Amino acid sequence: MATVPAAKDKYRSFLDDEADNVQWRHGGPPTYDVVNQLFEQGRTKEWEEGSLEEIVQNAIKTWEMELSHKVRLQDFKSINHEKFKLIVNGREGLNGEEALKMGSYNALLKNSLPKEFQYYKADEESFESSHEAFRSAFPRGFAWEVIHVYSGPPLIAFKFRHWGIFEGPFKGHAPTGETVEFYGIATVKVDEGLKVEEVEVYYDPAQLFGGLLKGAPISISSSPTHHASACPFHSSS
């Protein structure tokens, strides 16, 4: 499919970076129209423009956009390339290249449970397959909002909510049409230029998978291929 110039996104920066020779994962910058609509319809907070809460919310959305859609770490403008670290639920931190290789879903969902108890096996998923699984489950995207900011820079602490409408199959489970959501706490350490040096996230993955695994089991052969028609330029979060 042909690429088209990205319209200005009011929640994310750096989406007009084609002129800077950025290498985009799908050939051009993504569009967020669908998930932005879900966000605006389902958010529980509407922060004042220019407030600390809005700034933090948009900064995290921008970082997630870069992690999901830019191919090279050198093209990231939201992070401190040398110092960046992503830590999830107290596990060993990932540097920028490691997080980019794994992708946001695998980085957030990796766990130390024995294989037979893992409802999502991050070690067996690629960047592409992980994103495809959640695009399939949440055709309208996986929205994200800041609920509360506890402290400002340089060490920002906040509570967040992540949600989507379970309208497509997920790993052999039929969609329920229900809202699936989870809450978490995170800290973001920034440098003097407000580039991210460290992201530390704590949340309970069972909140997410409790909603996804409620769907009745379905055979792979009878599973509708929602993701096959999904345009990769339409981002999910």
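The tour begins with the whole chain, goes on to some aromatic rings and charges, and ends with the spaces inside.

**The whole chain**

Bear in mind from the start that this is a predicted model. Show the protein chain as a cartoon, and you can follow six helices and six strands, which run from the N terminus in the order α-α-β-β-α-α-α-β-β-β-β-α. If you then colour the chain by burial, 48% of its 237 residues count as buried.

**Aromatic pairs**

Next, select the aromatic side chains, which form 18 pairs in the structure. Begin with Tyr 105 and Phe 134, whose ring centres are 4.3 Å apart and whose planes meet at 10 degrees; because planes under 30 degrees apart count as stacked, this pair is stacked. Tyr 105 belongs to helix α4 (residues 104-109) and Phe 134 to helix α5 (residues 127-137), so that the pair links distant parts of the chain, 29 residues apart. Both Tyr 105 and Phe 134 are buried.

Now move to Tyr 119 and Phe 209, an aromatic pair with 4.7 Å from centre to centre and 35 degrees between the planes, an arrangement that is tilted. This pair, too, links distant parts of the chain: Tyr 119 is found in the loop between α4 and α5, while Phe 209 is found in helix α6 (residues 205-212), 90 residues apart.

**Charges over rings**

Select Arg 12 together with Tyr 32, and you will find the charged end of Arg 12 over the ring of Tyr 32, at 3.7 Å from the ring centre. Then select Lys 61 and Tyr 11, where Lys 61 lies over the face of Tyr 11, with 5.8 Å to the ring centre.

**The largest pocket**

To find the largest pocket, select Ile 55, Ala 59, Val 190, Leu 194 and Val 196, which are the closest to its centre of the 20 residues that line it. The space in this largest pocket comes to about 370 Å³. Helix α2 (52-69) and strand β5 (179-190) each supply at least two residues of its lining, and α2 gives the largest share, with eight residues.

**The cavities**

For the last stop, turn to the two cavities of 30 Å³ or more that a search of the whole structure finds. The largest cavity holds about 410 Å³ of space. Select Trp 63, Glu 64, Leu 108, Trp 144 and His 162 to reach it, for these are the closest to its centre among the 23 residues of its lining. Two or more lining residues come from each of α2, α4, β4 (155-165), β5 and β6 (196-203). Which element gives the largest share of the lining of the largest cavity? That share comes from α2, with five residues.

How values were computed. Residues numbered from 1 in each chain as written. Predicted model: local features only at pLDDT ≥ 70, side-chain atom pairs only at ≥ 80, totals over all residues. Heavy atoms only, no water. Phe/Tyr/Trp six-rings, centres within 6.5 Å; stacked < 30°, edge-to-face > 60°. Helix = DSSP H or I, 4+ residues; strand = E, 2+ residues; numbered from the N terminus. Buried < 20%, exposed > 50% of the residue type's maximum accessible area, 1.4 Å probe, protein only. Lys NZ or Arg CZ within 6 Å of the ring centre and 35° of its normal. 1 Å grid on protein atoms, 1.4 Å probe; cavity = no way out; pocket = protein on both sides within 12 Å on 5 of 7 lines; lining within 4 Å. Points joined across faces, edges and corners; volume = space filled by probe spheres on them.
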